Amino acid sequence: LVGQIGNYWQSPGPRGYPFHPAPQFTVRYYMRQEARLEHRFHSFNSGYGIVNWNRMNAEIIAVGSEMLTPDRVDTNSLFLTDQLNNLGVEVVAKHIIGDDRERLAAAVRRAVSSTPFVIVSGGLGPTEDDVTRDAVALALDRRQIFNASISEAIEERFRKMNRAMPAINKRQAMVIEGAHILANDRGTAPGQWIEHGGGVVMILP
């Protein structure tokens with residue numbers, strides 16, 4: 001989803017996602033072309049101290065074997081870079097990783113070892129080749145927990161389309177331990193914000 005940076009809701013999320021209030025950082029979610037990324041505070045309390053966005057570097061990891069072909073362009077990373085730069089965050093590296101869990105986990109480990117803010121974009125669908133949740137959990141050495149509220153919200157979305165939710169979509173209700181949920185009102189895959197080692201890993205559809 002081009003333009004999705006994520007949002008920490010100050011109130012429960014859309015479509016019935018009953019998630020927790022946010023830390024002191026707010027970004028407009030699902031921005032239209034004319035909308036601009038905005039933040040309410042330049043820093044947030046991560047539990048490891050105050051992180052100042054104006055002195056932060058970021059890495060972006062785009063996930064998807066299709067973007068390693070000549071037929072697809074990684075436009076998400078371009079948009080994310082523009083929005084991060086508007087916040088004063090410098091993007092110091094970008095990577096495109098195919099749909100391989102071990103290779104993606106290795107890329108995430110390398111990124112979090114050197115950069116305080118890592119965004120992983122893509123690979124949150126319901127199929128077996130959507131490996132982002134598994135790879136990030138592996139890289140951070142955290143388990144995944146089934147979230148019944150997310151599953152119910154996904155099922156309700158299908159119900160409104162007069163369709164039954166395929167059982168495979170329950171994979172999208174798996175949450176990395178300790179993650180904050182970034183509710184998604186334009187698709188079935190929520191994003192996740194994970195604070196780790198004094199930095200942040202954000203995974204987005």
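The part to be described is the contact of helix α2 with helix α3.

Reply: This is a predicted model, in which local features need pLDDT of at least 70 and side-chain atom pairs count only at pLDDT 80 or more, while totals for chains, interfaces and linings use all residues. Residues are numbered from 1 along each chain as its sequence is written, and side-chain values use heavy atoms, without hydrogens and water.

The chain has four helices and ten strands (DSSP runs of H or I, at least four residues, and of E, at least two, numbered from the N terminus). Along the sequence, their pattern is β-β-β-α-β-α-β-α-β-α-β-β-β-β.

Helix α2 covers residues 101–114 and helix α3 residues 132–140. Their axes (lines fitted to C-alpha atoms over the stretch in contact, with angles from 0 to 180 degrees between N-to-C directions) come within 8 Å and cross at roughly 50 degrees. The crossing of α2 and α3 is right-handed, the near helix being turned clockwise from the far one by less than a right angle.

On the α2 side, the contact (heavy atoms within 4.5 Å) is made by R101, E102, L104, A105, V108, R109 and V112. Helix α3 contributes T132, D134, A135, V136, L138, A139 and L140. By class, the contact of α2 with α3 has nine nonpolar, one polar and four charged residues (Ala, Val, Leu, Ile, Met, Phe, Trp, Tyr, Cys and Pro are nonpolar, Asp, Glu, Lys and Arg charged, the others polar).
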